[in-house]
Amino acid sequence: MLEVFEAEGDVLGEDGQLKKERVELWKRNTVECVRELMGNAAFRGCIRYKPERQYADPEGKTRIYGNMMTANWWWDIQMLMPEEATISPVILASDKTTLSRMSGDKSAWPVYLTIGNIDKDVRRKPSAHATVLLGYLPVAKLECFSEKRRSLEGYRLFHKCMRALMEPLIEAGKTGVLMTCADGKVRRVYPILAAYIADHPEQALIAACQENYCPKCPVGPNKRGEPVFSCLKDPDRVSAVLRKVSEGVEKPSEFAEWGLRAVEPFWDGLPHANIFSALTPDILHQLHKGVFKDHLVSWATKAIEGGEDEIDRRFKAMFKHSDLRHFKNGISLVSQWTGTEYKAMEKVFLGVVAGAGDERVTRAVRAVLDFIYYAHFETHTDETLNGLHQSWLAYHKYKSVFVELKIREHFNFPKGHSTEHYEPSIRGVGTADGYSTEHPERLHIDFAKLAYGASNKQGSYIKQMTRWLERQEAVARFARYLEWALSPPTAPDTGTPLGSTVPSIARPTASNANAEEENNNDVGNDKEWSRGYRVAKTPAFPSIPISTIVADFGTTYFAWCLKDYLLKISRGDLTRMNHVADIELQDTTHVAVYKQCKVRLPAMRQVTTSPVVDIIHASPSHPGPSPLTTVPAYMSTVLARDPSIVSPTMPPYVFDHKKPLQGLRVARVRAIFDLPKVYKAQVLGVTDPLAYVEWFTPFNTVDSATGMYIVAPSTRQRERHVSVLPLTHIIRSCHLIPVWGKSIRNHTISGDILDNLQTKFYVNPYLRHQDFVLFRQLCNT
């Protein structure tokens with residue numbers, strides 16, 4: 001649907017008349033979009049019609065905050081509605097995006113809509129079609145206005161267009177609309193604006209305030225740097241102030257105090273809507289890019305001796321891991337940063353700066369990283385929200401060190417202040433992962449980039465984009481109809497209900513490239529993981545002599561450790577012991593060796609709802625693709641069951657949330673291999689591959705500044721403590737960071753530093769979100 005607006009400016013044209021500019025708003029009926037999502041049978045198993053309270057314990061004392069239906073907003077609004085009312089929390093997202101490539105100034109401003117009834121894990125998958133395109137806002141240059149007025153008129157145009165989009169919600173939010181829902185029942189649904197996903201400039205636009213003011217609360221621009229609690233703005237008071245301004249009455253004092261812009265806000269009059277509580281946390285721009293990359297990295301770099309050079313050297317010396325990006329040239333020369341690079345830096349940054357400067361710098365870095373990782377949780381409890389809050393307080397406690405070092409004069413920047421609102425927002429509308437701005441940015445590919453590519457890229461490109469998208473919808477709708485028609489009668493209906501007036505937008509083929517929605521973890525089914533691991537069907541080295549294993553893999557005591565392991569599992573069984581004693585391993589004895597194995601990390605409610613595959617590497621150095629080059633050895637460090645506590649024949653490992661590291665110890669895997677064929681596996685009862693590992697010291701020491709465990713190579717009679725263990729005793733990979741101290745120049749970095757018996761290492765709790773839960777939240781370090 002097209003709606004045309006005409007703006008009359010304050011600049012005279014060549015004809016002596018005031019210039020005018022015609023702008024187009026392409027829109028859909030908001031209520032019909034909600035009806036489409038509520039009635040889509042594909043969401044039958046992941047849609048809720050009323051709020052819930054979930055608890056982590058049988059007693060109902062530890063409340064869980066996750067999806068919108070588990071948080072407080074829905075409960076509060078439900079209490080105000082008629083008894084049989086079904087609320088549909090409307091979630092909007094908007095983000096202006098550039099369409100032109102290399103040259104040109106073509107842009108689009110899509111507005112997306114989804115509903116909080118649908119599980120957030122489904123909502124954020126583009127392939128699920130749980131988010132629809134509501135419209136295209138006009139991207140107008142407004143040259144008919146003077147430069148002085150252009151910004152304000154841009155605000156007014158945005159609110160005028162959004163008011164046209166939201167108009168159907170006014171009556172529907174008051175009286176409700178009968179809708180056929182995904183389960184086939186007819187309900188009276190009240191669509192109410194509950195959340196709005198946007199970055200900071202657009203949040204200021206939505207809240208009708210200047211960008212140097214907080215969009216959510218009335219705190220002044222010079223008071224944003226301190227941990228002072230500030231209640232949210234009252235939408236009724238703000239509307240009243242703006243109404244007086246529009247009527248030409250003398251401006252109230254709050255107009256200047258709150259940094260307002262003289263507009264008629266689109267949210268004024270929306271039933272039960274509070275736009276200031278609806279503005280959700282933006283982890284990507286506020287935390288990853290804002291607080292961390294734009295501020296903290298710069299401050300910490302200036303705070304340590306050696307500056308960028310020292311930081312770059314430490315990044316270059318970082319150990320590899322399959323879940324890490326290795327900055328082989330440091331970070332100072334990286335020219336283009338994305339969210340992926342920010343997150344990769346965060347995984348090791350505390351270990352990089354630890355010990356290099358004032359301890360308060362390290363503690364401030366730790367506080368920010370802890371806050372970011374807690375903010376990423378997919379479910380929260382009061383305990384984890386307290387951890388989030390304590391991290392926020394710790395940052396404010398130690399940030400003064402940057403003022404003392406003359407790096408900062410103040411902390412009055414909006415993205416730093418935004419962290420104050422994370423905890424109340426999570427309690428109100430659910431965890432922040434359900435409102436990431438990365439989701440609408442991903443949707444731009446389907447709803448803007450590809451559609452623009454199908455246009456002639458001329459003046460009417462928006463009109464052509466909408467027509468192309470309608471055709472894509474028609475094809476997708478018919479394809480779903482055929483799928484439903486040809487499916488067996490007993491199969492569940494996964495298509496869009498017939499008669500639906502607003503089908504969700506079809507996704508072109510590019511949507512398959514989205515890493516978030518595709519399951520590339522190779523998780524497989526439970527039968528494939530019955531032993532807790534997976535190895536290749538054919539070993540990378542099917543038959544190599546023990547002498548080669550010792551030389552290439554560094555398994556100095558291979559034969560002795562293997563025999564010691566076999567004797568341990570044979571105790572009490574005379575047949576087995578005789579079998580082991582009768583065979584003497586020789587240097588020429590051949591063994592099948594693997595380059596890697598995969599273990600499956602269990603789902604953790606806080607960070608993932610499905611298991612995650614973890615790769616354990618044990619690959620020796622080998623010639624590179626180019627002449628005279630060598631690919632270095634890649635041997636993972638892991639958490640394995642401590643042989644001094646756990647015997648080889650004990651039952652399988654069971655994770656204990658109360659004692660998460662009990663019986664575990666860090667080790668480095670040197671080789672993964674099958675039992676040599678000179679032994680009879682059936683006689684010895686060896687059914688799993690084995691691993692040769694080098695042990696590190698137990699988890700006895702915690703560094704007070706970083707909160708990270710410190711380990712060192714474990715020795716026996718001045719030699720590395722090594723042993724052979726079954727692959728089932730390896731629980732997960734881990735990442736170690738050397739303790740460099742004041743300067744990395746004081747250390748000799750040659751060969752494999754993990755072989756240096758004098759070096760100590762931090763156990764990295766930021767490798768993955770699962771590691772953060774394990775080492776930070778559960779261990780409470």
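The model is predicted, so local features need pLDDT of at least 70, side-chain atom pairs count only at pLDDT 80 or more, and totals for chains, interfaces and linings use all residues. Residues are numbered from 1 along each chain as its sequence is written, and side-chain values use heavy atoms, with hydrogens and water left out. Across the whole structure, a search finds 40 salt bridges (a side-chain nitrogen of Lys or Arg within 4 Å of a carboxyl oxygen of Asp or Glu). Helices (H or I, at least four residues) and strands (E, at least two) are DSSP runs, numbered from the N terminus.

**Salt bridge within a helix**

- R366 and D370 form a salt bridge, with 3.6 Å between the closest N and O atoms.
- The two residues are separated by about one helical turn, because R366 and D370 sit four residues apart in helix α13 (residues 359–375).
- R366 and D370 are both buried (under 20% relative accessible area, where exposed is over 50% and partly exposed lies in between, with a 1.4 Å probe and protein chains only).

**Salt bridges between separate segments**

- D688 pairs with R531 in a salt bridge whose closest N and O atoms are 2.5 Å apart.
- This pair links distant parts of the chain, 157 residues apart: D688 is in the loop between α23 (681–684) and β22 (690–695), and R531 is in the loop between α19 (461–486) and β12 (533–534).
- D688 counts as buried at 11% relative accessibility, whereas R531 is partly exposed with a relative accessible area of 45%.
- R670 and E694 form a salt bridge through their side chains, at 3.1 Å from N to O.
- Because R670 lies in strand β21 (residues 664–673) and E694 in strand β22, the pair ties together parts that are 24 residues apart in sequence.
- R670 is buried, with a relative accessible area of 9%, and E694 counts as buried at 4% relative accessibility.

**Strand β8 and its partners**

- Strand β8 (residues 132–137) is mostly covered, with six of its six residues buried.
- Strand β2 (residues 18–27) runs antiparallel to β8 and is joined to β8 by two bridges; two strands pair if DSSP finds at least two bridges between them.
- In β8, G135 stands opposite K27.
- Strand β7 (residues 107–115) also runs antiparallel to β8, with five bridges joining these strands.
- V111 stands opposite G135 in β8.
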